[in-house]
Amino acid sequence: MPGCGIGHGDDPTQRSGRDEPARHVGADGSNREAGCLLARELGDDLESTLTTFADLTGCEVDADEDVVTVRNYPECAGYPGARGPVCHFMRGLIAGAHELETGERTPVEEVRCRAAGDDVCEFRIGRKPREPTVPRLDGLDERALRRMAHAASEREPEEVAAFKLASEYTLKFHPADAAAPIFFRAGRLYARALLRLYNPLEMTSFLSIVEDVTGAECHLGEGNRMSIEPCPECAGFPREHEPVCHGVRGALHETLGTFGKEVERVEETECAAVTGELVGRCEFRFELRGL
Ligand SMILES: [Zn+2]
Ligand SMILES: [Zn+2]
C-alpha cells in the first residue's frame, strides 16, 4: 500500500534479524489505511459504504456534495483536548469509498472533530489535510485518562464491537510483519495510560484493574506465563494461522517493565483465534533478560 511505512513498535521480537532502520508510521497513517481497505468491503459507492458503516456502528452520517458530517462517531470518543482532528480511520473510509465511486484518488481532510471540541466530525473531500494530529497519551491529566478509559461504556456494546471489528479487522489481515508492530505499540501505550491512571503498587493489583476494565480474567502462572480469558483482542476474529494478539503482548511487555522486570521478549503461545474459538483464552509467555 502506498504511504504505509511500518515501524517495529519497540517490539524486540519483531526487531531481530532486520538491519533496515525502522520507519515510523504514525497512528494517522495506519488508521487511514484501515479505513481505506474497509471501504471495499462495505459498499460500492460513497453513499452505500457510509450507510452500512453508520448502521453497524450507531453513528449518523450526512453526505452532501464534498462534505461528510458524522454525529456520535466512535473513533474520537474519549479523546479529550486534542490539538486537532484525529479521525483518520474515517478519512480513509471516505477516501476509499470515493475512489470506488469515481476511480480517482483524492485526499480527505477532517475540518471539525469532537476530540478538538467541536459538536460533530466533519470531512471535506478533495482537501489536503495539514500535518495530521495524532492523539497523544503524554500530558493527559487524570480526568482525561478516566474519561478515555470509560468512553466505550457510554455506547451500545454491539456498536462498540462493530467499530472495533471494522477498524481492527482490516489491519489485522495485513501481513503479520505490518500489523504486529502497530498493535504491539498500541498495547504498550494502552497499558501505560492505565498504569498512570491507577498507579498500582504491584503487578497483581494492576491485573485486577485490567480485569475490571476489560471484563476478562487474567492469571499469572508458572514458567513466566500469563493468560487472559476471554481475550478481548481476538474476540470475533475468524480462525487464523498465527496468533493475532499483539496488543496484549505489548501491554504485558509494558507492565512487566513498569514493575522492574527487564523483558527480553513476550510471545503468544496459545491464541483463541488460532484454535478457532470466536471468543476464548489466550496465553502468553515472557522471557526476562539474563534468565
Ligand atoms: Zn473526529
Ligand atoms: Zn490471542
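Analyst: Four donors count as tetrahedral if all angles lie between 85 and 135 degrees, and donors are N, O and S atoms within 2.8 Å of the metal (3.2 Å for Na, K and Ca), with water not among the atoms, so sites may look incomplete. Keep in mind that this is a predicted model, where local features need pLDDT of at least 70, side-chain atom pairs count only at pLDDT 80 or more, and totals for chains, interfaces and linings use all residues. Residues are numbered from 1 along each chain as its sequence is written, chains are lettered from A and ligands numbered from 1 in the order in which they are written, and side-chain values use heavy atoms, leaving out hydrogens and water.

User: Okay, then what makes the site of the zinc ion (ligand 1) tetrahedral?

Analyst: Its four donor atoms make angles of 97 to 118 degrees. The atoms come from Cys87 (SG), Glu110 (OE), Cys113 (SG) and Cys121 (SG), at 2.1 to 2.4 Å. Along the chain these donors are spaced C-x22-E-x2-C-x7-C.

User: How do you know that the zinc ion (ligand 2) has a tetrahedral site?

Analyst: Here the angles among the four donor atoms run from 94 to 117 degrees, so they pass the test too. Cys245 (SG), Glu268 (OE), Cys271 (SG) and Cys282 (SG) are the protein donors, at 2.0 to 2.4 Å. Their spacing reads C-x22-E-x2-C-x10-C. Cys245 is in the loop between β6 and α9 while Cys282 is in strand β8, so this pair ties together parts that are 37 residues apart in sequence.

User: Why is Thr255 called buried?

Analyst: Its relative accessible area is 4%, which falls under the 20% cut-off, so it counts as buried. Thr255 sits in helix α9. Setting aside neighbours within four places in sequence, it is in contact (heavy atoms within 4.5 Å) with Ala191, Leu195, Met203 and Phe206.

User: And what makes Gly236 partly exposed?

Analyst: Gly236 has a relative accessible area of 27%, so it lands between the 20% and 50% marks. You'll find it in the loop between β6 and α9. Not counting residues up to four places away in sequence, Gly236 touches Leu165 and Leu278. Gly236 and Ala161 are 75 residues apart in sequence, with 8.7 Å between their C-alpha atoms.

User: How do you know that β6 and β8 pair?

Analyst: Two strands pair if DSSP finds at least two bridges between them. β6 (residues 225–229) and β8 (residues 282–288) have four and run antiparallel, so they qualify. Arg225, for one, has Arg285 in β8 as its bridge partner.

User: What joins β5 to β6?

Analyst: Five bridges do, in the antiparallel sense, and one of the pairs is Gly221 with Arg225 in β6. These two strands form a hairpin with three residues between them, and Gly223 in the turn has a positive phi of about 65 degrees.

User: In what order do the strands of the open sheet come?

Analyst: The order is β5-β6-β8-β7, with antiparallel pairing. β5 (217–221) and β7 (263–270) are the edge strands, each pairing on one side only. From one strand to the next, the twist averages 20 degrees. Helix α8 (residues 203–214) packs on the sheet, touching β5 and β6, and helix α9 (residues 246–258) packs on it too, touching β6, β7 and β8. Helices (H or I, at least four residues) and strands (E, at least two) are DSSP runs, numbered from the N terminus; the protein has ten helices and eight strands.

User: Why are α3 and α6 called oblique to each other?

Analyst: Their axes, lines fitted to C-alpha atoms over the stretch in contact, with angles from 0 to 180 degrees between N-to-C directions, come within 7 Å and cross at roughly 130 degrees. Under 35 is roughly parallel, over 145 roughly antiparallel, 65 to 115 roughly perpendicular and the rest oblique, so this pair is oblique.

Notes. Tetrahedral: all angles 85-135°; square planar, octahedral: opposite > 155°, others 65-115°. Buried < 20%, exposed > 50% of the residue type's maximum accessible area, 1.4 Å probe, protein only.
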